[in-house]
Amino acid sequence: MENLSTTQDMNLFRAPAAARAAKTLDKTLFTRTIPSAAVSVRENTLLSKYRKELELTKELFILQNYQQVAPDPDPTLAAKGNKCLVLQTHIKPQEPSTWSSALQQASKVGDLKVVPFNITIDYNLWSYVDVMKSILPEELQNEVPSGFNTAGHVAHLNLRDQYLPYKHIIAQVIIDKNPGIKTVINKIDNVGTESEFRTFAYEVLAGPDDLNVEVSEAGCHFKFDYSKVYWNSKLSTEHQRITSLFQPGEVVADVMAGIGPFAVPAGKKAQ
């Protein structure tokens with residue numbers, strides 16, 4: 001699961017009160033506009049030079065997945081293809097005292113012009129944890145559900161009771177923030193207790209009820225129905241550790257091999 005978005009101002013990721021304890025996801029609640037500044041660049045050939053300089057002075061706006069190079073806010077210049085560089089929110093266009101000496105010098109020679117610019121933060125820029133901390137009640141934020149097993153396109157949750165009222169919104173945000181995940185399920189019984197084959201009953205929280213998955217591990221490609229086969233993505237290191245111990249000529253019996261996470265790589269190793 002991904003980490004918190006990197007920014008110097010985490011207030012960017014505080015949703016309005018309407019998002020708190022929501023049971024359905026309203027993505028519009030996570031859009032906000034912040035008045036800031038940008039530098040209009042005299043020529044686009046100067047973009048690379050001043051981008052590096054503004055990174056060094058820590059004046060360039062930095063946020064994961066946010067495009068720092070944008071069309072010039074002046075429609076006439078934008079129509080000509082001119083670009084600008086988005087600046088940190090503490091920089092004020094009309095207050096040179098908030099600019100670095102390098103920015104002041106570039107402005108003085110006419111390479112850059114500091115202009116007003118509106119930074120738009122929308123749902124796509126929020127991390128999973130940021131979204132959930134805006135939605136879950138305060139008393140549930142110490143352990144935001146962020147870990148899950150995966151099998152191909154399926155994310156497998158094991159939610160605690162206190163998070164069940166928010167299970168569908170948790171699942172939807174997981175899909176939104178993890179491009180490879182298409183289906184999210186939640187286990188509703190104990191593996192090994194209810195089934196001798198270590199399969200489990202589940203409920204689909206988001207996405208299609210499609211548990212026919214494909215998984216690659218140790219150079220092997222497995223296709224199986226996750227509802228009928230035991231698979232634990234967290235055991236991949238152990239699978240590789242054990243199979244690395246096998247030597248040519250040895251006979252190994254993999255009792256109750258299941259889909260073969262030990263046997264198949266071992267067999268391939270002998271080829």
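These legends describe close-up views of a predicted model. Local features need pLDDT of at least 70 and side-chain atom pairs count only at pLDDT 80 or more, while totals for chains, interfaces and linings use all residues. Residues are numbered from 1 along each chain as its sequence is written, and side-chain values use heavy atoms, with hydrogens and water left out.

**View A. The open sheet has four strands.** Their order is β2-β3-β1-β4, and the pairing is antiparallel. Strands are DSSP runs of E with at least two residues, helices are runs of H or I with at least four, and both are numbered from the N terminus. Two strands pair if DSSP finds at least two bridges between them. The edge strands are β2 (69-71) and β4, each pairing on one side only. On average, neighbouring strands are turned by 45° against each other, direction ignored. Axes are lines fitted to C-alpha atoms, for helices over the stretch in contact; angles run from 0 to 180 degrees between N-to-C directions.

**View B. Strand β2 meets β3 (residues 83-86).** They pair in the antiparallel sense over three bridges. Alanine 70 has cysteine 84 in β3 as its bridge partner. Helix α1 (residues 47-56) packs on the sheet and touches β1, β2, β3 and β4. Contact means heavy atoms within 4.5 Å. The direction of α1 makes about 10° with that of β3.

**View C. Two cysteines are buried.** Cysteine 84 has 0% relative accessibility; cysteine 220 has 7%. Buried means under 20% relative accessible area, exposed over 50%, and partly exposed in between (1.4 Å probe, protein chains only). The structure holds zero disulfides, a disulfide being a pair of cysteine sulfur atoms within 2.5 Å.

**View D. Phenylalanine 30 and tyrosine 123 are one of five aromatic pairs in the structure.** Their ring centres lie 5.9 Å apart and their planes are at 65°, so the pair is edge-to-face. Rings of Phe, Tyr and Trp (its six-membered ring) pair if their centres lie within 6.5 Å; planes under 30 degrees apart count as stacked, over 60 as edge-to-face and the rest as tilted. The pair links distant parts of the chain, 93 residues apart. Phenylalanine 30 precedes β1 (32-41), whereas tyrosine 123 is in the loop between β4 (112-121) and α4 (128-135). Phenylalanine 30 is buried at 2% relative accessible area, and tyrosine 123 is buried at 4%. Phe30, Tyr123 and Trp126 form one aromatic cluster.

**View E. The charged end of lysine 177 sits over the ring of tyrosine 123.** It lies 4.2 Å from the ring centre. The criterion is NZ of Lys or CZ of Arg within 6 Å of the ring centre and within 35 degrees of the ring normal.
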